[in-house]
Amino acid sequence: MKTFFSILLFLLFIYPNRQEPKPLYGGIFTETGYGVTDQNRPLNSGMTRSYYVKIYENKLVVTTQQYGSVNTIDISYKFNGVDQYGNRIYTNGGSDSYYVDKHYDLRLVYASPSMYYGYNVMEYSFWEIVKGDQRQKYEQMHRRDGSSVQMQVELQQLTGEYY
């Protein structure tokens, strides 16, 4: 009986708790396909996509469909600090980062080397992300402004030229 209580005591108090920490926020977000450069020039990728995000103190996890597959994958971003505006910054070691404000609104930031100066100068683009699954709304906006990737593919198929 003493052995049973010893094991129970170990499991209750000493054995580390291996449960995943509770997320600060979780929900569906949509990349709108609209953004700006660090020179404040507008950007339009013509594409939109939605995915699920869990935001923790020490990481941010994006659950999305793997390109070219029906499988979903989790992409993890490590907490990297807070910027001068109070936004939490999460990075995955690549060129993209997520900035999270106090309302858990997201902004996707891409860093890339300059076309002219290489890795000596980094250029940044800031992409709009909205809460909820709003793909249809933004896909319609891209069709209206002529930037839809699907429209570009259809034009190429009709004319044999890419715009």
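This is a predicted model: local features need pLDDT of at least 70, side-chain atom pairs count only at pLDDT 80 or more; totals for chains, interfaces and linings use all residues.
**Exercise 1.** Determine how the rings of Y25 and Y104 are arranged, and where in the chain the two residues lie.

*Solution.* Begin with the count for the whole model, which holds six aromatic pairs. For Y25 and Y104, the ring centres are 5.2 Å apart and the planes stand at 10°. Since planes under 30 degrees apart count as stacked, this pair is stacked. Next, place the residues: Y25 belongs to strand β1, residues 25-37, while Y104 sits in the loop between β7 and β8, so that the pair links distant parts of the chain, 79 residues apart. Then turn to accessibility, where Y25 has 26% and counts as partly exposed, and Y104, with a relative accessible area of 24%, is partly exposed. Finally, Y25 and Y104 form one aromatic cluster together with F29.

**Exercise 2.** Classify the pair of Y77 and Y98 by the angle of its ring planes, and decide whether each residue is buried or exposed.

*Solution.* The ring centres of Y77 and Y98 are 4.9 Å apart and the planes lie at 90°, so the pair is edge-to-face, the cut-off for that class being over 60 degrees. This pair, too, links distant parts of the chain, with Y77 in strand β5 (residues 72-82) and Y98 in strand β7, 21 residues apart. Buried means under 20% relative accessible area; Y77, at 4%, is therefore buried, and Y98, at 1% relative accessibility, counts as buried.

**Exercise 3.** Describe the largest nonpolar core, and trace the contacts of L60.

*Solution.* The largest nonpolar core has 14 residues, and those with the most contacts inside it are V53, L60, Y98 and L106. To see where the core comes from, note that β3, β4, β7, β8 and β9 each supply at least two of its residues, and that the largest share, three residues, comes from β3. As general background, nonpolar side chains in soluble globular proteins tend to be buried together.

**Exercise 4.** Locate S148, state whether it is buried or exposed, and name the residues that it touches.

*Solution.* S148 is found in the loop that runs between α2 (135-145) and α3 (149-159). Its relative accessibility is 6%, so S148 counts as buried. When residues up to four places away in sequence are not counted, S148 touches G46, H142 and R143.

How values were computed
Residues are numbered from 1 along each chain as its sequence is written. Side-chain values use heavy atoms; hydrogens and water are left out. Helices (H or I, at least four residues) and strands (E, at least two) are DSSP runs, numbered from the N terminus. Buried means under 20% relative accessible area, exposed over 50%, partly exposed in between (1.4 Å probe, protein chains only). Contact means heavy atoms within 4.5 Å. Rings of Phe, Tyr and Trp (its six-membered ring) pair if their centres lie within 6.5 Å; planes under 30 degrees apart count as stacked, over 60 as edge-to-face and the rest as tilted. A nonpolar core is a set of buried Ala, Val, Leu, Ile, Met, Phe, Trp, Tyr and Cys residues joined through side-chain atoms within 4.5 Å.
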